[in-house]
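The entries follow in the order in which I checked them.

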Amino acid sequence: MRSPRSRLPLLLASGLLGVSTTLGLLPGLTAGGAQAIPSIPAVPGLPIPPGLTDALVPQFSGAPVAARPMAAPRVPQNPYLSANGTSSMHNDAYSTDAYEVAGPLGRDLQVTSASYGVRECATAAFDSRGHLIGLCGDLAGFTLMSLDPDTLAPIDEVQLSERDLLSGANPFSDICGGTYFFLDQRDRVYATTIGSRIAEVAVRPDGTLQRGRTWPLAGVVPADDCLVATTVDWNGLVWFVTQDARVGILDRRTGVARILALPRGEGIFNSVSSDETGAVYLVTTHALYRMDADRRGRPQVTWRQVYDRGSRKKPGMLSRGSGTSPTLLGKRWIAIADNADPRTSVIVYDRRRGVPAARREHCAVPTLPANAGTTENSLVAAGRSFIIENNYGYEGVQTTTLGRTTTPGIARVVLTRRGCRLAWTNDSIAPTSVAKASHGSGLLYAYTKPARSDGIDAWYVTAIDLRTGRTAWSRLTGTGIQWNNHYAAIYLGPDGTLYVATLAGMIRLADGG
């Protein structure tokens, strides 16, 4: 089972290639086709091309706010990951998508950008010296980039894997071997690659990159399967998962990998989480799992919890099932979104060992609009609550062109002693945001695109009050397809600066003064 397929002409028709090259044959791609094309190094000093319609839309709405910090359960530090808030797409081992640092408050917001051609750095981390480390995908494959956090200029890059353009895989939706990585406590990247390998790359103090070890896993991952995500548990064991729901543990010293195949027909399309008990948590298209390693370092199922996977793959989903990575809260709770009809619910479970299956579910709260709601992004753990965004209707970059957009909806579900309650909803439209919370500022940051009847495609960073759900402010980043984030996450740097990748580069947003 592989991810959804398409054809290269769809990408060519989108107009994206006009950002960095002329429409026509790409370097290395002949009229007869070729199996791979070379990666084109990023050109420093160029911003993301501005849209001709930038001046025709509001640049800023709302008003600056004062920081209102929100208390939250402590997230313990995994000793084998970089500092919480810096290690992966979802920030930390718990996949909270939340930061303690205060993000932008809306004061004289400064937006800068850098273009890397048709290359999107969807997953990012920050090393111990603040360098922005991104795993970036383009037509050629996946490249690890080290970026200056202030100028966004490339410091160094290493290509990790190449695409086979004749495989039929759609670069816009293929999650195989290049979506997720983690950064460890010694500034070493561990990334999945095309070809079923885990690659290690060290970040030097000056931000340059040095290739390390590579562990081939083709002996345990069949050719028709692929790596999706990897993580490290509290005991230092490296775990990996495949799209056909194989779960493995890699012994980095010997290179031996031990595999457990989950039930046939299940698939994995999202990242994984871990906690201080040594457990690893993952969601398949059918169930939520807690996994633990046995004494021999083999993955074992501790418990399995079926959820409502719905009757169809809704528009905006990569698969029929949950689109969330598991989100942990405190020492007890774990949450996902299901794919139920007619309304998607946020479901909270007790993740501990020994809890009877009949009592594992703590609550389930319907959130998004009936027959028009789904999410393909992880929940955000903000305070003692979970936040979900609506991605219903996003089926590629063409979905958000000519003024069109997706279905609105962001909602917050608060955890209570006896269950959960829906605290608020917000009508912002975040096609594929991977929103992030700042406990330091008391704000949720989403990447939004309002509907427009004039055909202009305007993209904004939007700040929402975590407590009330009211929109505080929105700041334009740009107009046009080149500003589409296409599933790239929002990130806050160690100083609170906000970053978000687009199909053409990286955006930096910070308060002025």
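**Strand pairing and sheet**

I looked up valine 232 and found that it stands opposite valine 238 in E13. The model is predicted, so I note that local features need pLDDT of at least 70 and side-chain atom pairs count only at pLDDT 80 or more, while totals for chains, interfaces and linings use all residues. Residues are numbered from 1 along each chain as its sequence is written, and side-chain values use heavy atoms, with hydrogens and water left out.

E12 and strand E13 (residues 238-242) pair in the antiparallel sense over five bridges, where strands (E, at least two residues) are DSSP runs numbered from the N terminus and pairing requires at least two DSSP bridges between two strands. I then followed the open sheet, whose four strands run in the order E12-E13-E14-E15 with antiparallel pairing. E12 and strand E15 (257-261) are its edge strands, each pairing on one side only.

I searched the whole structure and found three cavities of 30 Å³ or more (a cavity is a set of points on a 1 Å grid over the protein atoms alone where a 1.4 Å probe fits but cannot get out, and lining residues have an atom within 4 Å of a point).

Conventions. 1 Å grid on protein atoms, 1.4 Å probe; cavity = no way out; pocket = protein on both sides within 12 Å on 5 of 7 lines; lining within 4 Å. Points joined across faces, edges and corners; volume = space filled by probe spheres on them.
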